[in-house]
Amino acid sequence: MEVVILPTAADGGRVVADIVAAVLQRGEPVNLGLATGSSPLLAYRELIRRCRVGGLSFARAAAFLLDEYVGLPADHPESYRQVIRRELTDHVDIDPGAVHSPDGTSPDPVAAAADYENVLLAAGPIRVQILGIGTNGHLGFNEPGSSLASATRVKTLTRQTRADNARFFDGPNEVPRHVLTQGLGTISRAEHLVLTASGAHKAAAVAAAVEGPLTASCPASVLQLHPHATVVVDEAAAGRLANAEFYREIHEHKPAGQGY
Ligand code: GLP
């Protein structure tokens, strides 16, 4: 795992954008894994900017969302399929039909979860999976206790996650209780996991994920098992990392051309 500590969230956004841009620039068909939430927004804005002024193209990319609320109408502004359109895909040249997400509107969410897992299996590997982290260490909507080997399935949100996400709704009671999420096993099939976080409110979760025990109690600790994981954090989110100085030293002396 590589931990990249940068002064600001905007610096982090540029590094995440660099990682995505590098795979897009190969000009080959590529599967991207996208996350919603506020953490990747600066990276998405940077990617949009590079498409507008730098000739970057998503034309050969397919995109797969991590998760979705159960029961929101498809056109609900906070459904993740709408959020990702608003924040990224409507502003780049990706084929709208190549943007996939779990179907939270299905009357049979259990079947919808299995269907999405099959869509992912048929699509082949995700080249880069962007991830945020919940304040309780969740990845996607894999709450604490999630099997580290789990597949896409229906999950029930914790009170903390509903409170954290209440800012997008008219209060915590309006946040759906159930969700569809790629499992931790599903996420782990991606070739490169890129987790991004900023702010002191994420510091405990980041430290638990990076330096704590590998445990279902901190779902993001599954990154420790992955052969290619990059954690991009600002100083505030790095605030509780015991080995922060070591990570900074590694980054400062990164061999030229190593990439992320
Ligand atoms: C949300 C999403 C996650 C996201 C996380 C952190 O509930 N399901 O995919 O990474 O919580 O959100 P944010 O980036 O807004 O802090």
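Q: Which residue in strand 8 is the bridge partner of aspartate 67?
A: That's threonine 181. A quick note on numbering and source: this is a predicted model, where local features need pLDDT of at least 70, side-chain atom pairs count only at pLDDT 80 or more, and totals for chains, interfaces and linings use all residues. Residues count from 1 along each chain as its sequence is written, and side-chain values use heavy atoms, with hydrogens and water left out.

Q: What makes strand 4 and strand 8 a pair?
A: Pairing takes at least two bridges found by DSSP. Strand 4 and strand 8 (residues 178–181) are joined by three, so they qualify, and they run antiparallel. Strands here are DSSP E runs of at least two residues, and helices are H or I runs of at least four, both numbered from the N terminus.

Q: Why is one side of strand 4 and of strand 7 left without a neighbour in the sheet?
A: The open sheet has the order 4-8-7. Strand 4 (67–69) and strand 7 (153–156) each have a single partner strand, so they stand at the edges.

Q: How do you know that helix 4 packs on the sheet?
A: Contact means heavy atoms within 4.5 Å, and helix 4 (residues 109–123) touches strand 7 and strand 8.

Terms used
Axes fitted to C-alpha atoms, helices over the stretch in contact; angles between N-to-C directions.
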